[in-house]
Amino acid sequence: MGNAPQIKKTVTLTDNETGKTYEFPIVDGSEGPRVIDIRKLYAETGMFTYDPGFTSTASCESGLTYIDGDQGILLHRGYSIKDLAEKSDFLEVCHLLLNGELPNPAQKKEFNHLVTMHTMVHEQMQFFFRGFRRDSHPMAVMVGCVGALSAFYHDSLNIDDPKQREIAAFRLIAKVPTIAAMVYKYSIGQPFMYPRNDLSYAENFLYMTFGVPSEPYKINPILARAMDRIFILHADHEQNASTSTVRLAGSSRANPFACIASGIASLWGPAHGGANEAVLAMLNQIGDKSRIPEFIARSKDKNDSFRLMGFGHRVYKNYDPRAQIMRDTCYEVLKELNIKDPLLELAMELEKIALSDPYFIEKKLYPNVDFYSGIILKAMGFPTNMFTVLFAVARTVGWISQWNEMIQESSQKIGRPRQLYTGPVNREFIPMDKRK
Ligand code: CMC
């Protein structure tokens, strides 16, 4: 494997039927569980591994993001998410994810300049929007429009050219917020706002979303900082469903814009990026503190499909470190806007009750990042169907950084999982006139 140290440790597998034994190397990463390198498993044993949901599978080698779910640790290129959220800004984190290092002042200036140079989208793209119903879900429009970037930017589609890959990355980081704001404007029938390159990334996004051409838009620094922090907290998260989708799409050598569109589609689901939207729907459904016990009971009932949205995580079996920062940001925003949100009070009560419930304690179900982000975004004026779009804006850098890392791997191959076939075999074909 590329960067992983090769150690002479192995694991032995015994086939109890034939008595044969096989040895497979164990490989150490710089942190986290070791992996058994089973690339030769099929060739040597004629067997596949079976791991639906990839709960025991490392699908790739990566140097971007490390999560220790038991300890509640999240690191990007070795830096803690807390430090990044409190001490840097989103574009610095983008530089870190893409290039491996935090930028020095000159690099930061250059990086910010390159992003802002790409914030406008091709003027013809606005005609695309007219083909969509105004009441389309914004994520449906996002999937279409981000995929359509590949129809406009032919000069950054050659994935073997590092310069073109770099331009594609800048274009995506810069244009996805512009498209996201356009999606919102289209849905409410307001004119699209051209980006302003004198503003920061988060400020510009708020301006394009909430500004109107007829009036000056006053930036609220607390809201801009909260927006920036939300972007940082969602920038990357290791090999989650949407990132794995981007990598799998990219493994066939599809162009980066198409790959990121596939990531957006995957993110849309309520078990992934759609969860913050689902949290608000759930809080509205619960409606009052007195009904919390009823809903907690429903979430524990195996015959009821209801789950407490914003609780639990495939990897974190401890407090999601992003949730803590999001919680503080939530209070800051509500205080600034002088909002006493009954939904927040309901959320706090729900959190308290769930955290002391033996079911949630035993299963290590803690609030995740989405539990608070929905409340903040609602307070800032975003409609619920835009929440996942904001997640997509932030995650674009993670997706493109992971895609870039994969493309540069010397051993990169098309992703092609196999299966345990359990369907019928060797059936005789019955002509139509003989079928009952
Ligand atoms: N409410 C009630 N029970 C739950 C919940 C929940 N939110 N989450 C998990 N469980 C139970 C589940 O029923 C199972 O019980 P049992 O062992 O008795 O069968 C056990 O906990 C383990 O759950 P799982 O479904 O096997 O865990 P998973 O890793 O497959 O699912 C999850 C992770 C995030 C999909 C799930 O916890 C969930 O659906 N949570 C609510 C949706 C949500 O908040 N998603 C946002 C995730 S964070 C944002 C992101 O990174 O995309």
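Analyst: Two strands count as paired if DSSP finds at least two bridges between them. This is a predicted model.

Three strands make up an open sheet, ordered E4-E5-E6, with antiparallel pairing. Its edges are strand E4 (65-68) and strand E6 (79-80), each pairing on one side only. Strand E5 (residues 73-76) pairs with E4 over four bridges, in the antiparallel sense. In one of these positions, Tyr66 has Leu75 in E5 as its bridge partner.

Now the salt bridges. A search of the whole structure finds 19 of them. The cut-off is a side-chain nitrogen of Lys or Arg within 4 Å of a carboxyl oxygen of Asp or Glu.

Take Glu86 and Lys82. They form a salt bridge, with the closest N and O atoms 3.3 Å apart. Both belong to helix H2 (residues 81-87). Because they are four residues apart there, about one helical turn separates them. Glu86 is partly exposed, at a relative accessible area of 39%. Lys82 is also partly exposed, at 46%.

Next, Arg253 and Asp160. Here the closest N and O atoms of the salt bridge are 2.5 Å apart. Arg253 sits in the loop between helix H10 (241-251) and helix H11 (256-267). Asp160 sits in the loop between helix H6 (138-152) and helix H7 (162-188). The pair therefore ties together parts that are 93 residues apart in sequence. Arg253 has a relative accessible area of 41%, which makes it partly exposed. Asp160 has 53% and is exposed. The line between these classes is drawn at 50%.

Arg291 is partly exposed, with a relative accessible area of 33%. Glu294 counts as partly exposed too, at 39% relative accessibility.

To recap the pairs: Glu86 and Lys82 are about one helical turn apart within H2, whereas Arg253 and Asp160 link two loops 93 residues apart in sequence.

Technical notes
Residues numbered from 1 in each chain as written. Predicted model: local features only at pLDDT ≥ 70, side-chain atom pairs only at ≥ 80, totals over all residues. Heavy atoms only, no water. Buried < 20%, exposed > 50% of the residue type's maximum accessible area, 1.4 Å probe, protein only.
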